[in-house]
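I opened a new notebook page for this structure. The entries below follow the order in which I looked things up.

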Amino acid sequence: MNKTRLYEKHVAMGGRMIEFAGWLLPVQYPTGPIAEHHAVRTAAGLFDIDHMGQFMVHGPDALPFLQRVMTWDIATLEPDDAHYSLMCYDDGTVVDDVFVYRRDGDYMVVVNAANRKKDLRWMVQQAKGFDVQVTDVSDETYMLALQGPKAEEILQRVTDVDLSQVKRFSAVAARVGGILTLIGRTGYTGEDGFELFFSADEAEHMWDLLLETGKEDGLLPCGLAARDSLRFEACFPLYGHEIHAEIDPISARLGYFVRTEKGPFLGRNALLKIRLEGPKQKLVGLEMLDRGVPREGYPVLIGGEERGHVTTGMKSPTLNKFLALAYVPTEYSKIGTEVEVLIHGKPKKAVVVKTPFYVPVYRR
Amino acid sequence: MSDYVFMDDRRYARSHEWAKVEGDIATVGISDYAQHSLSDVVYVELPEVGATVEKGEAVAVVESVKAAEDVYAPLSGEIVEVNEELPDNPEWVNEDPYGKGWFFKIKMSNPAEYDELLDVEAYKKVVAEEEG
């Protein structure tokens, strides 16, 4: 089991440590996951996300290589841009979902912890014939997320760059409390905020600095439970749940990130076919009409028969409703369609609703 | 064993329910340790009034942010009342587990079962063992 460099700090702060993707991480602090969630929506939250992996892609063929493995058109990235993308297998199913940062001549790819080894193998394998090196720099790179409406104000007090000039989905090299840092205006919460990359040796220093700086603004350290409820409300997929090696991005309603017009890439033919024929199932948002908490794996019933399943569900802290993401047959995916979710053996009424449940602030 | 609240005016089941008896009616809820372990409660599902329940039977559900847990009847009898305000105020389970956060009341069919439950000292030991 891996421990991040902040493990002792989390324990000392009363963090409840659980295993996640091979890492021991806090699921919550004593304030509780709902308070942490609200802190991010109304003030700010700080997340230890060092379990995420970072790969550097370097070499003359970096761009053509990324164009081959990524579904997004990486050629559209300006020098400081960051963009969401998927990597797909030949059959169109998902290897991982990632963020690609363009840095000078190189690219950095941020991958899910659970997929780090698999992704590296996959990318190295696909790099044959390209003049490119893919290097896993996760061990020496630390990653924290500072998220929420007060994030800019807090970070601005300890950095030397003008953050108002850093637009959403871009990154800038800066000093934060003297620590050389790549500041990305990115995140996984639906709020404005930043993801910080810096030397792992500075982890404790940076963590303390940001917590102290944001204290007066209501900044809370946040655990995995809040991270999950925040991303869920914004309907961001989580690998292993909404997307995995048996589902394609079209069914997951991530078709926007599949740029078939950019030319050949891995999975393109399969994805074109799915797009042409229409996916058999679709990911939808459900709101419970009867009371009950829909949870991952619970069957979705249509006409009393099991026709789908919940991928993530919970009581939404912001909207105060029982909501779920679920796969259902395409013919039942229209907004307003009534279905049932089997909760503790009892069918409970639910209706297909618009997603995202919570529209990210930067998209409004 | 830290800061959990234990009440000595009631008895406990190993599965962390408490029962407080007045006459032949037992009020049932979950312990402070249980609510703390669950963390933020978001939903409770209560039994039907009038239902006959057996000791050890799963009769209610308490759901936190991350998990759904059964609540077991610590005693046999008939459900004579449920805390109807609780589904709308699930946070009471966290805020006041021994008071406003009660779940249901059982009219005991076998009051001798109450004496088989753990007294507060025995229950503290169970919690200490679980805490490790």
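These are my notes on a predicted model, from the overall build down to single residues.

**Entry 1: overall build of chain A.** I began with the secondary structure and found eight helices and 20 strands in chain A. Its radius of gyration is 20 Å, close to the 21 Å that the globule rule gives for 364 residues, so chain A is as compact as a globular protein of that length. I then took the box along the principal axes, and the C-alpha atoms of chain A fill roughly 60 × 50 × 40 Å. I looked up burial next: 49% of the 364 residues of chain A count as buried. For contacts in chain A with a separation of 6 or more, I noted that 66% are between residues 24 or more positions apart.

**Entry 2: domains.** I listed the division of chain A: domain 1 (2-52 + 139-233), domain 2 (53-136) and domain 3 (280-354). The centres of domain 1 and domain 2 of chain A, taken over C-alpha atoms, are 24 Å apart. Their contact takes 13 residues from domain 1 of chain A and 12 residues from domain 2 of chain A. On the domain 1 side I counted seven nonpolar residues, six polar and no charged.

Entry 3: In soluble globular proteins, nonpolar side chains tend to be buried together. Here the largest nonpolar core has 142 residues, and Val100(A), Leu144(A), Leu146(A) and Leu196(A) touch the most other members. Strand S18 (residues 322-329) of chain A gives this core its largest share, seven residues. I followed up Leu144(A): leaving aside neighbours within four places in sequence, its contacts include Leu46(A), Phe47(A), Ile49(A), Leu196(A) and Trp207(A).

**Entry 4: helix H3 of chain A.** Which residues of helix H3 (residues 62-69) of chain A are buried? I found Ala62(A), Phe65(A), Leu66(A), Arg68(A) and Val69(A). They cover an arc of only 155° around the axis, which puts them on the same side of H3(A). The cover over these buried residues includes strand S5 (53-58), strand S7 (94-103) and helix H4 (116-126) of chain A.

**Entry 5: Tyr89(A).** I placed Tyr89(A) in the loop between S6 and S7 of chain A. Tyr89(A) has 14 C-beta neighbours inside 10 Å, so it counts as partly exposed. Not counting residues up to four places away in sequence, Tyr89(A) touches Val95(A), Leu266(A) and Gly267(A). Arg268(A) is 179 residues away along the chain, yet its C-alpha atom is separated from that of Tyr89(A) by 9.1 Å.

**Entry 6: backbone details.** I noted a cis peptide bond between Thr355(A) and Pro356(A), with omega about -5°. Pro356(A) is in the segment after strand S20 (346-353) of chain A. Phe169(A), a residue other than glycine, has a positive phi near 60°. Phe169(A) lies in the loop between helix H5 (151-156) and strand S11 (171-176) of chain A. In chain B, His16(B) also has a positive phi, near 80°, and its place is in the loop between strand S1 (11-12) and strand S2 (17-22). Is His16(B) buried or exposed? His16(B) is buried, because 24 other C-beta atoms lie within 10 Å.

**Entry 7: where the chains meet.** I found 10 residues of chain B in contact with 12 residues of chain A. Strand S4 (41-45) and strand S6 (58-64) of chain B each give two or more residues to the side that touches chain A. By class, that side of chain B has six nonpolar, one polar and three charged residues.

Methods: Residues are numbered from 1 along each chain as its sequence is written. Chains are lettered from A and ligands numbered from 1 in the order in which they are written. This is a predicted model: local features need pLDDT of at least 70, side-chain atom pairs count only at pLDDT 80 or more; totals for chains, interfaces and linings use all residues. Two residues are in contact if their C-beta atoms, placed from the backbone, lie within 7 Å. Helices (H or I, at least four residues) and strands (E, at least two) are DSSP runs, numbered from the N terminus. Ala, Val, Leu, Ile, Met, Phe, Trp, Tyr, Cys and Pro count as nonpolar, Asp, Glu, Lys and Arg as charged, and the others, Gly among them, as polar. Domain bounds come from an automatic or database domain assignment. A nonpolar core is a set of buried Ala, Val, Leu, Ile, Met, Phe, Trp, Tyr and Cys residues joined through C-beta atoms within 7 Å. A residue is buried if 20 or more other C-beta atoms lie within 10 Å of its own, exposed if 12 or fewer, and partly exposed in between; C-beta atoms are placed from the backbone. The radius of gyration is taken over C-alpha atoms; the globule rule is 2.2 Å times the number of residues to the power 0.38. The arc is that of the directions from the helix axis to the C-beta atoms.
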